[in-house]
Amino acid sequence: MASEKDLNLEATELRLGLPGTSDESAKNQMSATPRSNKRALPEESMSSNATASKNCDQETTPHTKAQVVGWPPIRSYRKNNLQPKKSEAEPSGIYVKVSMDGAPYLRKIDLKVFKGYTELLKALEDMFKFKAGEYSEREGYNGSEFVPTYEDKYGDWMLVGDVPWEMFTNSCKKLRIMKGSEARGLGCVV
Amino acid sequence: MRKKIMYSFPDEVLEHVFSFIQSDKDRNAVSVVCKSWCEIERWCRRKVFIGNCYAVSPRMVIKRFPEVRSIELKGKPHFADFNLVPDGWGGYVLPWIVEMAGAYPWLEEIRLKRMVVTDESLELIAKSFKNFKVLVLFSCEGFSTDGLAAIAAGCKNLRELDLRESEVDDLSGHWLRHFPETCTSLLSLNISCLGSDEVSVSALERLVGRCPNLKSLRLNRGVTVDKIANILHRAPQLVDFGTGSYSAELRPDVLLNLAGAFSCCKELKSLSGFWDVVPAYLPALYSVCSRLTSLNLSYATIQNPEIIKLVSNCPNLQRLLVLDYIEDSGLEALASSCKDLQELRVFPSDPFGAEPHVSLTEQGLVAVSLGCPKLQSVLYFCRRMTNAALVTIAQNSPNFTRFRLCIIEPKTADYLTLEPLDVGFGAIVEHCKDLRRLSLSGLLTDRVFEYIGTYAKKLEMLSVAFAGDSDLGLHHVLSGCESLRKLEIRDCPFGDKALLANAAKLETMRSLWMSSCTVSFGACKLIGLKMPRLNVEVIDETEPPDSRPESCPVEKLYIYRSVSGPRFDMPPFVWTMDEERKVMH
């Protein structure tokens, strides 16, 4: 007599959920309105160059959904001012402003989406169309007139890369891509 | 007897007559009667409203209206409020201030909305306008308390400083000290957007104490409830008051003082603030409740029965902003207590939660529409809706001028019939003949747009998200809504056909925003080419739109009419489809 396993009943089993998913996750993916004709939610696009993070953010956990940018339509100051009831529903992120000497506009990035300095620098270079040069602990940034710096929570201006990454994300208040002589001055302070 | 033909009144007489004409619409009408009226009118126009700062250049405004005293400018499109417009897009006020500094030395009022304001701009304002009186920065950003210090110190006759909902780099609470001891002219001060960092309360008290005409004062979250009594005692004439953080360690003497201070404010009609509310301090407000016409509890995380108790004591309430903690039961209480209610806004306390944790449904809104005959303006966040409820609401409230419904989960159908909500919204536009502003949500097909195009003849602003099936939807709106000025759309399957067929309509509107739709780059170029009086801007943060085939849809599109051509301050991720400049930024 063939066992259940041999017959592979699972493959022919009728159940709710996408093929390939188990019952657990299928239940969680069920929406409140089973008949609604929904498209997949658009991808999150908080930061323009964090493609790595885009893939990560598309995974939905059982408790929170992938957030759609700008939906529901609530102003950020309102979101920030509310005390969230559940901490997992709170959108977390370390947003800092980024300016570049000579550029007339500011950008904002989420430090949390980067895993380290390499990713951050690449994103900054893409965002502002510049090259940072080679970083070394002794000499700072070499080979470029642009130097990424940041203001820490004590109000001091530091070179990006001087402290361990975790320390940096915890203390960085804003970023500034300096140009020219000011940059050289900082680069020498080690 | 020969008939004498009267050519015209002398200029001075006409100017005097025109001085009674205040509204922009009427002034504009006057200016097109004939050349001489246009000429006289432009010299005596004192107030200019520019709904899109890129629709006209500062020089053009100054050339036409040389004696302006008051200017209002709006910058970024509305969807910037929800982070859909990338940082750095534009909306800089500095070029305007620079030009006006030279041309309008007697400028008294500047009102800005969604613009980037730098400390440099604020310093220039303080320096350039000797009789400067009113500064309103609504949802602006880019400046710090240093800039505010310059305004405080430099504007000797300042009457109004209103920073509502702006993002301020809060460097130091000491900027308030820069108001000189001689400053006694303040009528209105709104610093509610400033951070939780300490604002100099002693400086605030002194300032409030020496401004006897102060009618409106809105504090920031850094001011705790125990500080309020002293401030209120110094300003019993206040009409509008925004508390700071309505919390502190509960002490009976603080409560008593607070109640006493509130009871001295016989003119108080409007309250707001209430961050971090400690419910035990709410009774201090009871003496004021009977006079209140406006109450903003949208930051107050209080629940029922406190909310119901408060609201039931305010029979004269005309305007209520509240969180969904009020629930259907609270809205029913509101409907029976506040018969003068005109405006209701219910915000979600947990917008990103997957499950509702409050019992706020379509029933609450139905109750209010039934009980409050003067209801005109609604903003309502909820998680479920039915066509039947919307039809009832529409029939109960034919006077709606603004109706914004946000069902939190996109594409949510009628939860009873599982049908789209086309019929419900159709009823709204059919019954509410004076509707000027509408925001849609829920599961919607092209049908709803057919209703809107057919009935919403006075509609000026429409916001659409995750709705419609095809270009037909967009076509209905663009071809049917005669009064449409602003249209903003996100995540809808609207593409080239409707846009190209109705391109001329866009010149009759202020602006069109479309993001995550299916408008192709080629269509954008075509509109830019054919319509020189439209600025067609394509926003793409990932790569230049011409690095892909022309048929590819653009990420975001912003089209607005302009008499000054494409702008020159575009960041790298914005491209203009301008005929002369080709595709460039």
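In chain A of this predicted model, take the contacts between residues at least 6 apart in sequence: 46% of them join residues at least 24 apart. Chain A has eight helices and seven strands, and 36% of its 190 residues count as buried.

Now for confidence. The predictor gives the complex an ipTM of 0.89 and a pTM of 0.80. For chain B, the pLDDT averages 94, and 97% of the residues score at least 70.

A UniProt record, from an unreviewed entry, puts the feature "domain: F-box" at residues 9-50 of chain B. In the model, that span is 62% helix and 10% strand, and its end C-alpha atoms are 31 Å apart.

Next, a pair of helices. Two packed helices are described by the angle between their axes and the distance between the axes. How do H6(B) and H7(B) lie relative to each other, roughly parallel or roughly antiparallel? The axes of helix H6 (residues 119-128) of chain B and helix H7 (residues 145-154) of chain B come within 8 Å and cross at roughly 5°. Angles under 35 degrees count as roughly parallel, so H6(B) and H7(B) are roughly parallel to each other. On the H6(B) side, the contact is made by B:Asp119, B:Leu122, B:Glu123, B:Ile125 and B:Ala126. H7(B) brings in B:Asp146, B:Gly147, B:Leu148, B:Ala150, B:Ile151 and B:Gly154. Sort the residues of this contact by type and you get six nonpolar, two polar and three charged.

Further along chain B sits helix H14 (362-371), and H14(B) is mostly covered, with eight of its ten residues buried. Among those buried residues are B:Leu365, B:Val366, B:Ala367 and B:Val368. What do they pack against? The buried residues of H14(B) pack against helices H13 (327-337) and H15 (387-396) of chain B, along with strands E14, E15 (377-382) and E16 (402-407). The loop between strand E14 (343-347) and H14 holds B:Ala354, which counts as partly exposed at 28% relative accessibility. B:Ala354 and B:Glu409 are 55 residues apart in sequence, yet their C-alpha atoms are 9.0 Å apart in space.

B:Phe262 is another one to look up, in helix H10 (residues 252-264) of chain B. Is B:Phe262 buried or exposed? Its relative accessible area is 0%, and buried means under 20%, so B:Phe262 is buried. Skipping neighbours within four places in sequence, B:Phe262 touches residues including B:Leu232, B:Phe241, B:Tyr246 and B:Leu268. B:Ser192 is 70 residues away from B:Phe262 along the chain, and their C-alpha atoms are separated by 19 Å.

Most residues other than glycine have a negative phi, and most peptide bonds are trans. The table shows where this model departs from that pattern.

| Where | Backbone feature | Value |
|---|---|---|
| A:Trp71 to A:Pro72 | cis peptide bond | omega near -5° |
| B:Asn304 to B:Pro305 | cis peptide bond | omega near 5° |
| B:Phe274 | positive phi | about 60° |
| B:Leu418 | positive phi | about 65° |

A:Pro72 is in the loop between helix H4 (51-58) and helix H5 (76-81) of chain A, while B:Pro305 lies between strand E12 (294-297) and helix H12 (306-312) of chain B. B:Phe274 is in the loop between strand E11 (270-272) and helix H11 (286-289) of chain B, and it is buried, with a relative accessible area of 0%. B:Leu418, in the loop between E16 and helix H16 (422-431) of chain B, is partly exposed at 29%.

Notes. Residues are numbered from 1 along each chain as its sequence is written. Chains are lettered from A and ligands numbered from 1 in the order in which they are written. This is a predicted model: local features need pLDDT of at least 70, side-chain atom pairs count only at pLDDT 80 or more; totals for chains, interfaces and linings use all residues. Side-chain values use heavy atoms; hydrogens and water are left out. Axes are lines fitted to C-alpha atoms, for helices over the stretch in contact, and angles run from 0 to 180 degrees between N-to-C directions. Helices (H or I, at least four residues) and strands (E, at least two) are DSSP runs, numbered from the N terminus. Angles under 35 degrees count as roughly parallel, over 145 as roughly antiparallel, 65 to 115 as roughly perpendicular and the rest as oblique. Contact means heavy atoms within 4.5 Å. Ala, Val, Leu, Ile, Met, Phe, Trp, Tyr, Cys and Pro count as nonpolar, Asp, Glu, Lys and Arg as charged, and the others, Gly among them, as polar. pLDDT is the predictor's confidence in each residue, from 0 to 100. UniProt positions are given in the numbering used here, feature names are shortened, and annotations may be inferred rather than shown by experiment. Buried means under 20% relative accessible area, exposed over 50%, partly exposed in between (1.4 Å probe, protein chains only).
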